[in-house]
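Biologist: I would like to learn how to read a model like this one, feature by feature. Could we begin with the charged side chains and then go on to the core and the pocket?

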Amino acid sequence: MQKWALGGIVIAALTLAGIGLYLSFEHVAVFAHEQLRFASLGKGQLFAVGVDVGIMVMIAVDLLMAWLKRPISWIRYPVWLLTGATVVLNAASGAPRGAWTPIDYVAAGAHGVVPVLFIVVVELGRDAINRVVRPDQAERDSIPLLRWILAPIATSRIFRRMRLWGVTSYPEMIRRDQDLIAYEQWLKRKYDGDISQATEDELLPMTMAPYGYTVAQALAMPDEQDQAAATREAAAERRRLDAETRSEVAKAESEAERLRAKAKVDLAQAEVKGQTGRARAQARAQVSAAERAAELEQQALDNAVIAEARAREAEADRRTAQEREATADADVRAAELERQAAQKRKEAAELDRVAAAEAQAVETQTIAEARQAAAEADRAAAETEEAAAEARRRAAEADRLTAEENERKATADANTQAARKREAETEYAAAEARLAAAETERRAVEIEDAARLSPRERAVRRVARMILAAGLETTGLEPEEIRRDALTAIPLADIQTELSVTSPGTASDYRKEAAELLASGYRPQQ
């Protein structure tokens, strides 16, 4: 049944559109030709068709985009404008040539009834499509007509707030307005009818009401801003501590890298010294072995000379015996004996020579064995000395590493203590600065309360104190210099954040007035 009803509504709407086009086409075409100076009736008809087709195309696009959940809000206004133009042209086509009579007004209005009905039907269809495809979208309440009649000014203010700040519920807006009026009456009762004595925080509901804030939201703003400021300060402190920690870690890593490089250099120097010591020990062993070998060779040479001298002496004795044998023919037996004795001496000499040669060979083998023994002893001594040197080097390296580790620990402890001390000093200085600023702000607020300044004057003086807190130097400067420096002392964003001002222009005006105030000699203590 719903589908059948929907189909009937669509057919009726299309029928209404066709009737409207049919009724307005001839009137608009003739009026365009006769009154709007179109050259021919055909061109007037094209004008009428163009207007009607344009209206239908935009209506179709509007309904299609609403169905696709992508509505185009501004497309309705050209449709209304063109429909209004069609209504005017239809009414004008039915206007009389002479004086108007009551029936003429009725006739002119009757020409625009059908287009107006068609636009109303289109708007109903568009709203129905929105409710179907977007059921979760909040519906905007309408303000009762009776309220517009009875209180047009107050109702217009309520309508403006609902539109500006997206309040869809009319009862909710009425409740907010009633809460604001009740709060204002409470302030009047508290200060005996003089609301100007209230503090800026107490006046926040009236100040922030045009911006869509409720009484509870406006009164909670100072606490929320204080919490946000504390959060920002804590985040800044965490970032600072993180930066200091990263710096300390980088320094420690750099120091560790330097110590590792120094350890490598010391190790290389120790290795070079060890190799030099081993080379020197080997050289000393080789020199000692060479000296021993030379000494043994000299002894062998001396033995060889002695043996050769003995051989020569034996040869001389043999020759003497032969001469005696040649000259002593008479004594044959004596010569023979002498010859035999000489022969024996010769054999003895030969034996001595052989013995000398054997002794020489034995002595040469002894020298070689002595050299080998000396070399073995020198090698053992070198190895012993090398092992002792390696043990001493390892002990020295262990002592050095232990000393470096102790030094690093002591340095790290000292750095940690220094960092803690700096952190404590920084926190103490920050606390003193905050205390001084709070005391200055308190005295300034007391002076402003006593002077009964307006909220704008209080805001200007607050900006002036912010400029002084930012480090503005005023001693020895001319007023024009103070004014110029004050305009660049703090950014507008800080003023907007501190005073909860959304407009940069308002923040700039506050800063300019604060600069003028400082140039005129204003100081918080005055």
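Biologist: How many salt bridges does the structure hold?

Modeller: This is a predicted model, and it holds 19 salt bridges. One of them joins the side chains of Asp-177 and Arg-161, at 3.4 Å from N to O. Asp-177 belongs to helix H8 (residues 170-190) and Arg-161 to helix H7 (residues 152-165), so this pair ties together parts that are 16 residues apart in sequence.

Biologist: Is Asp-177 buried or exposed?

Modeller: The cut-off for buried is under 20% relative accessible area. Asp-177 has 17%, so it counts as buried.

Biologist: Which residue does Glu-172 form a salt bridge with?

Modeller: Its partner is Arg-176, and the closest N and O atoms are 3.3 Å apart. Both residues lie in helix H8, four residues apart, which is about one turn of the helix. Glu-172 is partly exposed, with a relative accessible area of 25%.

Biologist: What about a pair three residues apart in helix H10?

Modeller: Take Arg-258 and Glu-255, whose side chains meet in a salt bridge at 2.4 Å, N to O. They both lie in helix H10 (residues 215-327), and their spacing is about one turn of the helix. Arg-258 counts as partly exposed at 44% relative accessibility, and Glu-255 as partly exposed at 31%.

Biologist: Where is Asp-62 found, and what is it in contact with, leaving aside its neighbours within four places in sequence?

Modeller: Asp-62 is in helix H2 (residues 41-67) and is buried, with a relative accessible area of 4%. Setting aside neighbours within four places in sequence, its contacts are Ile-72, Ile-75, Arg-76 and Arg-126.

Biologist: Now the core. Where do nonpolar side chains tend to be in soluble globular proteins?

Modeller: As a general rule for soluble globular proteins, such side chains tend to be buried together. Here the largest nonpolar core has 20 residues, and those with the most contacts inside it are Val-463, Ile-467, Ile-495, Leu-499, Tyr-510 and Leu-518. At least two residues of this core come from each of helix H12 (455-469), helix H13 (479-487), helix H14 (492-499) and helix H15 (504-519). A second, separate core has twelve residues, including Ala-17, Ile-55, Ile-59 and Val-79.

Biologist: Which residues is Ile-467 in contact with, beyond its neighbours within four places in sequence?

Modeller: Those contacts are Leu-472, Ala-486, Ala-489, Ile-490, Arg-511, Ala-514 and Leu-518.

Biologist: Last, the largest pocket. What is its volume, and which residues are closest to its centre?

Modeller: Its volume is about 1900 Å³. The lining has 50 residues, and the closest to the centre are Glu-441, Arg-462, Met-466, Glu-498 and Leu-499.

Note on methods
Residues are numbered from 1 along each chain as its sequence is written. This is a predicted model: local features need pLDDT of at least 70, side-chain atom pairs count only at pLDDT 80 or more; totals for chains, interfaces and linings use all residues. Side-chain values use heavy atoms; hydrogens and water are left out. A nonpolar core is a set of buried Ala, Val, Leu, Ile, Met, Phe, Trp, Tyr and Cys residues joined through side-chain atoms within 4.5 Å. Buried means under 20% relative accessible area, exposed over 50%, partly exposed in between (1.4 Å probe, protein chains only). Contact means heavy atoms within 4.5 Å. A salt bridge is a side-chain nitrogen of Lys or Arg within 4 Å of a carboxyl oxygen of Asp or Glu. On a 1 Å grid over the protein atoms alone, a cavity is a set of points where a 1.4 Å probe fits but cannot get out, and a pocket is an open set with protein on both sides within 12 Å along at least five of seven lines; lining residues have an atom within 4 Å of a point. Grid points are joined across faces, edges and corners, and a volume is the space filled by probe spheres set on the points.
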